[in-house]
Amino acid sequence: MTETVSFPVVGGRVAWPDLLRGGAAVSVAVLVGSYLAVLFHVVTVVGGVAAFVPLVVAVVSLAVLLGRYVDVRVAAALGAVMLVGGLTAYLVAVPTATLDAGTLQQVGADVVSLLTGFSVLQLTRAGVWALAVTPGPTFLATYLVVRGSYVRAAAVGALTLGFFVLTGDSTLFGTLAGTLGAAGALGFATLARRGAGREGVEAVAIGLAFMIVATAAAGAVPQATGGGGGSGPTTGGATTTLEGSLTADERRAEIQGPITLSPRVRFTVQASQPEYWRAGAYDRFTGSAWVRTGQTDPVTGTLFRPEGPSDRVVQRYRFRDTVGVLPAAAEPYRVRGDVGVLATDQRTIRPNRTLQPDENVTVTSYVLNRSVAHLDDAGTDYPPTIEERYLQVPGDTPDRVGDLADRVTADAETPYQTAVAIEKYLEAEKSYSLDVERPEGNIVDGFLFEMDQGYCTYYASSMVTMLREEGVPARFVVGYTQGRRLGGEEYVVRGLDSHAWVEVYFPEYGWVRFDPTPAQPRRAAERQRIQEARSSGAVGVDVAERQFRDVEVNVTTTTVNESFNYSDPGVETGPTAGANATTAPSRGPIGGADLPELPDPETLAVWAVVGLGALAVLRRAGVLERGWRAVWLRYQPDGDPDEVVEGAWSRVEYLLGRTRRHRYADETVSEYLHHVAADDRARRVGEIRERMRHAGHVTPALAEEARELAAEFVAERAGDNV
Amino acid sequence: MSAPTTDAVVAAPASVLGTARDALGAVSDAVGHLPRPTRRGVAVLVVVLAATGMALTAGRRSLDVVVVAGLALLLAGLAGVLRVEAPTVTRTAVEFGTVGESVPVELGVRAPNDPVVTVRDALPAGVTGAAAFEAVADGRPLTYDAHLRTRGRHELGPAVVTVHDAFGCWARRFPAGPTATVLAVPRTRALHGRSGLLSGYTSVAEERSEFERLREYRRGDALRDVNWKASAKHPSDLVVTEYGSAASGAAVLVGVDAPDADHADAAAEAAASVAVHLFEAGLAVGVVTPDGRVVPARGEGHRRELLAALARFEAAPLPAPETEDADVVVRATGDAVEVLADGSAVRFEALLATDGADSPDDAGGPTRGVSA
């Protein structure tokens with residue numbers, strides 16, 4: 001055959017058994033790697049990388065060491081002990097948990113919620129949890145690979161990955177890689193056990209390639225397999241709306257790329273003063289999404305009040321569309337209406353069902369009275385529960401983010417000044433646009449250093465991250481802005497009023513709203529969208545029973561200390577900074593937009609599998625053989641006349657074999673040429689070869705003649721017969 | 001908060017797997033030799049279905065990758081086993097063996113693209129062996145020892161070849177290939193050299209020192225009759241000494257009377273021992289069984305015929321005329337095997353060599369035959 005194989009080779013021959021066992025081991029490694037990647041992501045976000053990597057190394061080393069000496073049952077027991085022990089340690093580490101019957105019930109309920117999409121990142125102690133579950137399956141899978149039990153190892157890995165698929169933490173790419181790893185382990189193990197050879201490897205390659213092509217064709221995997229991506233649920237419609245990305249999944253807010261605004265009216269609200277209608281708050285940032293940790297439990301009676309001075313604001317909501325959130329000015333104190341209320345660990349509320357058009361809900365809130373607040377004097381005496389939850393920054397956030405925050409807030413002496421400085425910095429330095437490409441990697445780093453423009457989620461995420469870098473507890477909040485005034489004290493709120501902003505914690509006061517998004521350009525964009533929708537006659541843009549149009553209204557977001565400003569960071573940021581700044585390397589799409597980007601290694605690996613599968617299909621279909629023959633026929637050997645003659649004859653004989661029949665074993669060349677009625681050129685080549693055989697040598701002239709005749713013969717016939 | 005300890009996707013009870021597999025199996029049996037999922041294939045299908053269910057009830061997550069990739073795995077495997085050509089099976093087997101011993105059997109299974117196969121050779125009652133192989137159909141020799149437990153003709157095969165996809169999710173059975181027959185001949189046991197019942201016959205053979213004449217070697221002559229000294233003078237031929245009438249005329253017919261199927265094997269073993277004992281003493285030996293007769297003769301080839309006849313016969317009383325003809329009758333009665341000769345009877349056990357050593361196995365030696 002034509003292929004030269006450069007696999008592990010022993011004595012010039014491919015060591016197929018070793019190759020197959022190696023393939024099975026690598027497949028299991030990919031599978032295990034796919035769930036370890038999820039856990040690594042968790043500890044990267046919440047902290048614990050320093051413990052995670054040594055832990056994995058230790059567990060794998062232990063498994064390799066014990067693999068040779070320890071019985072399977074002992075190893076299985078050891079793996080189970082690791083898992084159960086780890087989870088017990090986790091339960092002990094969770095402060096609120098006590099180990100009683102109620103805890104066990106809670107454990108059961110938690111398992112169910114994890115399996116129905118409750119992200120591991122939503123666990124309050126996700127880092128501890130990740131470290132707790134890592135050793136068990138990893139030890140067992142590695143041990144089984146060392147023992148050569150690849151299928152069992154794959155089963156352990158698949159169960160573990162399956163868990164993270166169900167929690168929604170495994171990315172599409174990670175799940176694909178893990179699934180391919182599991183399938184590869186099945187295939188290679190089956191073949192290694194049976195001592196198969198190349199044909200078997202081909203069959204596995206074809207199968208894996210088919211799986212990849214099928215998933216791509218079914219649209220299960222995004223065409224551009226970007227880095228993390230995440231598996232956050234899409235928002236139903238084909239186009240991403242800001243509102244969808246902020247309210248579709250109450251537990252996770254994914255930062256999107258370009259978005260549109262929906263002009264449809266969601267609800268109207270009567271209130272004594274315009275407020276931001278908050279829908280949810282998020283504490284944990286992954287670098288590309290916001291996650292709300294902890295639980296959501298039904299509540300009755302009164303809810304929350306700010307610690308500081310507050311005013312009572314009654315809001316009468318009338319819903320005009322189906323809405324999945326329960327908007328409320330912060331802090332909601334009481335809800336009246338035909339809907340159950342759930343409270344989150346972040347002290348925000350959720351409805352227990354979707355709210356329907358024409359439904360009425362009254363919410364009484366106590367809103368912090370900023371005019372009498374002395375936020376500048378609030379100090380930094382944060383409660384531990386606040387510090388624990390609201391100071392988290394992804395572990396892989398580049399240092400330059402913190403450095404920038406330091407410089408921007410250099411003159412700020414209090415947390416309040418810090419917040420104002422960052423808010424003003426973002427309002428001044430970045431311009432508002434809905435049409436931005438989502439950067440790869442950490443979006444805050446991307447927004448601060450490589451983008452000029454962004455919208456509310458970029459502003460708010462950046463402000464929270466910078467505040468946390470400065471040690472100020474802050475969180476990412478979503479909901480709706482005040483909307484537009486319909487007249488009197490009534491406001492109309494549309495999909496395009498959905499918004500993300502920031503809340504900063506001040507001791508003795510509570511959560512205080514900041515909005516780093518420039519208000520004017522945002523309102524302009526919203527106004528334009530409403531006008532477009534009205535002029536195109538779209539349905540649901542206005543409240544039907546009203547004769548007059550709504551008007552814009554302001555809500556104060558930044559207060560009191562307007563004279564305070566941010567410090568000049570001293571370095572240029574934004575995309576133009578790339579030229580002279582020695583910043584961390586980034587795969588951002590803007591910096592390298594002109595150059596064709598090399599796909600990342602994972603994508604290349606997937607393509608390599610597809611390529612190998614395609615090659616195998618071609619070889620089986622005979623295409624490679626035919627291609628090689630076509631070349632072989634046309635390039636005759638040079639040099640030694642004997643070789644030239646043999647080369648010429650082998651080509652003539654091959655073609656005769658294809659067009660007439662093959663020579664029988666007991667047939668002489670001249671008999672054969674006679675029987676198949678070969679033409680004169682073929683006969684002459686045969687004759688020269690016979691003569692050479694008998695004489696033991698041949699003259700260069702005759703050799704050249706044979707060569708030319710063969711070339712003519714090939715040129716005439718090869719076209720359709722190779 | 002807490003964490004899960006199990007994963008619900010794959011943890012389907014084994015009984016569900018079993019039921020699903022049985023149902024699919026029943027369908028595939030009804031339609032013919034269609035591919036059926038293996039346990040592994042059913043497990044993949046269960047994962048796909050569970051993932052579909054979870055995706056529909058609790059959100060997509062990345063479950064669609066599992067669903068699509070899992071289905072692709074099953075479909076690729078199914079297409080593979082549907083396309084595969086029926087494997088060709090070759091078989092090499094020894095035709096002749098002795099009860100209690102093993103004969104080597106070699107199978108070769110071949111199909112284009114060397115698919116993964118499980119080969120199971122059908123073994124009849126009375127033959128045991130590790131006749132199942134996990135292999136690929138590249139024609140490699142698959143060998144096992146067929147242990148012959150009972151006397152008679154045994155048909156080995158046909159081998160059932162089950163073709164799998166490379167991932168082991170599907171199985172498609174091909175009842176394929178030739179069979180081979182192995183004749184399991186009775187064991188022979190060493191008897192007393194000279195004494196007892198048979199000495200009358202063996203002593204006749206001892207007297208063969210009467211030299212008669214030399215003649216050319218013919219097939220079937222015992223090597224011990226070759227006259228090596230004389231052969232040396234005739235470069236192209238072996239020369240055999242033919243003895244006088246006393247020895248050459250000494251022919252013994254051994255009869256087997258086995259009315260009872262339960263004791264037929266014991267009778268066969270005793271008769272074979274007696275016949276071989278006499279044969280090795282140089283007598284022309286024949287056997288008469290309820291099924292037929294092998295006329296007395298000498299020569300290595302004849303030994304095999306004697307044993308073959310004793311291997312094949314079915315339990316039945318030996319008819320009176322045959323009993324009359326037989327010089328020695330081996331009779332299996334209720335609880336003993338008797339050897340009757342010259343009007344007296346003795347239990348077979350009494351004839352056995354006292355040192356307990358069985359006669360060397362010279363039941364003809366293994367002969368290989370190929371059937372395709």
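**Figure 1. Glu625(A) and Arg629(A) pair within helix H18 of chain A.** Glu625(A) is partly exposed, with a relative accessible area of 27% in this predicted model. The model is predicted, as are the views that follow. Glu625(A) forms a salt bridge with Arg629(A). The closest N and O atoms are 3.4 Å apart. Both residues lie in helix H18 (residues 623-634) of chain A. They are four residues apart, about one turn of the helix. An α-helix has 3.6 residues a turn, so residues three or four places apart point the same way. Arg629(A) has 17% relative accessibility and counts as buried, because the cut-off is under 20%.

Figure 2. Glu254(A) pairs with Arg438(A). Their closest N and O atoms are 3.9 Å apart. Glu254(A) counts as buried, at 11% relative accessibility. Arg438(A) is partly exposed, with a relative accessible area of 24%. Over all chains, a search of the whole structure finds 47 salt bridges.

**Figure 3. Arg60(B) and Asp64(B) meet in a salt bridge.** The N to O distance between the side chains is 2.7 Å. Side chains of opposite charge can pair when their charged atoms come close. Arg60(B) is partly exposed, at a relative accessible area of 40%. Asp64(B) counts as buried, at 17% relative accessibility. A network in chain A is shown for reference: Arg198(A), Glu199(A), Glu202(A), Arg619(A) and Arg620(A) are joined by salt bridges that share partners.

**Figure 4. A nonpolar patch on the surface of chain A.** Leu612(A), Leu615(A), Leu618(A) and Val623(A) form the patch. Together they have about 320 Å² of accessible area. Helix H17 (residues 601-620) of chain A gives the largest share, three residues. Leu615(A) lies in helix H17. Leu615(A) is partly exposed, with a relative accessible area of 44%.

**Figure 5. A negative surface patch on chain A.** Four residues make up this view: Glu307(A), Asp381(A), Glu387(A) and Glu508(A). Glu387(A) belongs to helix H11 (residues 384-390) of chain A. Glu387(A) counts as partly exposed, at 37% relative accessibility.

**Figure 6. Cis peptide bonds in chains A and B.** In chain A, a cis bond joins Ala330(A) and Glu331(A). Its omega is about -5°. Glu331(A) lies in the loop between strand S9 (310-319) and strand S10 (332-337) of chain A. In chain B, the peptide bond from Gly157(B) to Pro158(B) is cis. Omega is near 0° for Gly157(B) to Pro158(B). Pro158(B) is found in the loop between strand S9 (152-156) and strand S10 (159-164) of chain B.

**Figure 7. Positive phi at Ala677(A) and Asn113(B).** Ala677(A) is not a glycine, yet has a positive phi of about 55°. Ala677(A) lies in the loop between helix H20 (669-675) and helix H21 (680-695) of chain A. Asn113(B) has phi near 65°, a positive value in a residue other than glycine. The loop that holds Asn113(B) runs between strand S4 (102-110) and strand S5 (116-121) of chain B. Asn113(B) counts as partly exposed, at 32% relative accessibility.

**Figure 8. Helix H8 of chain B and its buried residues.** Helix H8 (residues 300-312) has 13 residues. At 1.5 Å a residue, they should span 18 Å. The end C-alpha atoms are 19 Å apart, which agrees. The buried residues are His302(B), Arg303(B), Leu306(B), Leu307(B), Ala308(B), Ala309(B), Leu310(B) and Ala311(B).

**Figure 9. Ala350(B) and Leu191(B), 159 residues apart along the chain.** Their C-alpha atoms are separated by 8.8 Å. Ala350(B) has its place in helix H10 (residues 348-351) of chain B. Ala350(B) counts as partly exposed, at 44% relative accessibility.

Terms used
Residues are numbered from 1 along each chain as its sequence is written. Chains are lettered from A and ligands numbered from 1 in the order in which they are written. This is a predicted model: local features need pLDDT of at least 70, side-chain atom pairs count only at pLDDT 80 or more; totals for chains, interfaces and linings use all residues. Side-chain values use heavy atoms; hydrogens and water are left out. Helices (H or I, at least four residues) and strands (E, at least two) are DSSP runs, numbered from the N terminus. The expected span of a helix is 1.5 Å times one less than its number of residues. Buried means under 20% relative accessible area, exposed over 50%, partly exposed in between (1.4 Å probe, protein chains only). Patches are made of residues with over 30% relative accessible area and no salt bridge: like charges are joined within 9 Å, nonpolar side chains (Val, Leu, Ile, Met, Phe, Trp, Tyr) within 5 Å. Accessible areas come from the Shrake-Rupley method with a 1.4 Å probe; for residues, only the protein chains shown count as cover. Lys and Arg count as positive and Asp and Glu as negative; His and the chain ends are not counted. The place of a charge is taken as NZ of Lys, CZ of Arg, CG of Asp or CD of Glu.
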